[in-house]
Amino acid sequence: MSTFDWLVLSSTLLFIVGYGAWRTRGAGASLDSYLLGDRDASWWGVGLSIIATQASAITFLSTPGQAYDDGMRFIQFYFGLPLAMVLIALFAVPIYHRLKVFTAYEYLEGRFDRRTRTLAALLFLVQRGLSNGLSLYAPALVLSAILGWNIMLTVWLLGGIMIAYTVAGGTRAVMVTQQGQVAVIFTGMVVAGYLLVHYLPPEVGFKEALQVAGHQGKLNLVDFTFDPTDRYNFWSGMTGGLFLALSYFGTDQSQVQRYLAGRSVTESRLGLLMNGLVKVPMQFAILLVGVLLFVFYQFSPPPLTFNRPVRDQVARSATYGPQLRELEQTHATLFLARRQATTQLVEALHTEDPAQLAAAETHLQAATAATRGLRDRAQALIKKAVPSAEAKDTDYVFLTFVLNNMPQGLVGLLIAVVLSAAMGSAAAGLNALASTTVIDLYRPSRPHVDEAHNVRASRWAAIGWGVLGIGFATFAARLENLIQAVNILGSLFYGTILGIFMVAFFLKRVGGTAVFWSAIVAQTVVLLLFWRTDIGYLWFNIIGSLLVVGLSVLLSMAEKKTVA
């Protein structure tokens, strides 16, 4: 990056953090202040905080790569989210506010027993603790690619900064800084989308870009085919996606804590509904950036693989370097053929000649298939040369475009987008992990300690979970596309947690023993299904929650018969 880029990046981040520190000076003396910001947030503050918490660095690094590789069909994952916001606003928000709880799981002890509360809290802590590690790995990926630093050292450096930021500020600092982070995020993505269209050839405008993408299957927005092994279709989004959103926003403390901080039921509800209105268009826009990246690389030479640090490492190898260079030469030749075919396709779209269009599509399909085969060979070679390298390199697609094509200043802005998203999401995650650890596990065993002691314990808990997240982040390079990895991890646990809360809200006659053992069985079944079957991960949210509900009813009936 240039000096100007570093100036833009550092000034943007320093302003956001400095403004947050100034606005929240003196906060955090009590648990209510440190964990919930004195419950004084406005509806738009709640809404922006919810958006920023879920919009991690992974969203802006991995989602465009997902669309580049697989098209727009990932948008179906979010189809159930607006309905989930309405249901949570109607049923969960009034209960949480009436009871003045610090965490969602605190409610479960009054409804069931401490054992069930502890189980739900532990499931959340495992899932969110690991997910925070993935969120930390994404920005480390950015800095290591920019500076050439070792990825593990970068993870520890960023992790240390984020721990300090979270421990010092508490919830109010997190929410105030997230407002600036969201502004930077939206500005950066709009700029990226505009430049992608601007960089296309003069005869290719936005309309033609969409047509090119559509003819190559990238505008696959909705698929009504029912297939339980398919991760993304209309049915998985409206059912599994709905259940995942209900669990994430209704029971995950990193999100519940955002609207528990609202000054009233109405403010919290409006914040949730704001997220329901914004989230789907926001994800659509980010995926569209990925599709435009795909079109851009039909006319501008893409690298054979986007993971530059690993590619350079293999290129320097005496054993594998010559093979990689040979593949790169073939790739350059194939790109010329693909660009020619894409140009013919654009010309055929302008003339609306069916014969010319069919010939161009055939030519393009052949060139694309050959390129895909070559990339697969390159990935196999890289995996052989560097076994620890990522199986896929789509997480590097957007980053490669930013570093190689953005003008000075805008590179710094786009990197600020990624790091801002990382700070907002990781800070909220650590804040929630600390809250749950202290409120649900630590404080019940020490009922006589004062608030100052619990605030200190919250800070130490944030440090501990931050270190564990750093440890898991060092494993993240071995995972699939990061945006999918985060959602798979959530789906393994969210169904069970949601089932516990569904029973708590709607089945008043079911007691703690029945729901506790049902949750144990349901979680075991979900993990076994993930291990032994090819079921699409969104369905685990439905399976887990319905198993808890169904088994709870059956066990409760059995208990009553035994008593009778």
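Where is the place of Ala104?

Author: The place of Ala104 is in the loop between α5 (81-99) and α6 (106-111). This is a predicted model, in which local features need pLDDT of at least 70 and side-chain atom pairs count only at pLDDT 80 or more, while totals for chains, interfaces and linings use all residues. Residues are numbered from 1 along each chain as its sequence is written, and side-chain values use heavy atoms, with hydrogens and water left out. Helices (H or I, at least four residues) and strands (E, at least two) are DSSP runs, numbered from the N terminus. The protein chain has 21 helices and zero strands.

Ala104 counts as buried because its relative accessibility is 0%. The term buried means under 20% relative accessible area, exposed means over 50%, and partly exposed lies in between (1.4 Å probe, protein chains only). Of the 564 residues of the protein chain, 58% count as buried. The loop that holds Ala104 is also where Lys100 is found. Lys100 is exposed, because its relative accessible area is 53%. Lys100 has a positive phi of about 55° although it is not a glycine.

The next topic is the set of contacts, a contact being heavy atoms within 4.5 Å. If its neighbours within four places in sequence are left aside, Ala104 is in contact with Tyr96, Thr251, Gln253, Val256 and Phe501. Among contacts in the protein chain between residues at least 6 apart in sequence, 85% join residues at least 24 apart.

Two of these partners, Gln253 and Val256, are buried residues of α11. Helix α11 is mostly covered, with eight of its eight residues buried. The buried residues of α11 also include Tyr259 and Leu260.

Apart from its neighbours within four places in sequence, Phe501 is in contact with Tyr96, Ala104, Tyr105, Tyr107, Leu108 and Thr251.

A nonpolar core is a set of buried Ala, Val, Leu, Ile, Met, Phe, Trp, Tyr and Cys residues joined through side-chain atoms within 4.5 Å. The largest one has 157 residues, of which Ile88, Tyr96, Tyr107, Tyr259 and Phe501 touch the most other members. Helix α12 gives the largest share of this core, 15 residues. Apart from this core lies another, of twelve residues, among them Tyr320, Leu334, Leu374 and Ile382.

Charged residues complete the surroundings. Ala104 and Arg117 are 13 residues apart in sequence and 9.2 Å apart in space, C-alpha to C-alpha. Arg117 is buried, because its relative accessible area is 6%. The side chains of Arg117 and Asp440 meet in a salt bridge, at 2.7 Å from N to O. This pair links distant parts of the chain, with Arg117 in helix α7 (residues 114-147) and Asp440 in helix α17 (residues 410-442), 323 residues apart. A salt bridge is a side-chain nitrogen of Lys or Arg within 4 Å of a carboxyl oxygen of Asp or Glu. Asp440 counts as buried, because its relative accessibility is 2%. Arg117 and Asp440 belong to a network of salt bridges that also links Glu109 and Arg114.

Asp252 forms a salt bridge with Arg128, and their closest N and O atoms are 3.0 Å apart. Asp252 lies in the loop between α10 (234-251) and α11 (253-260), whereas Arg128 lies in helix α7, 124 residues away, so that the pair links distant parts of the chain under the numbering of helices as DSSP runs. Both Asp252 and Arg128 are buried. The count of salt bridges comes to six.

To sum up, Ala104 is a buried residue in the loop between α5 and α6.
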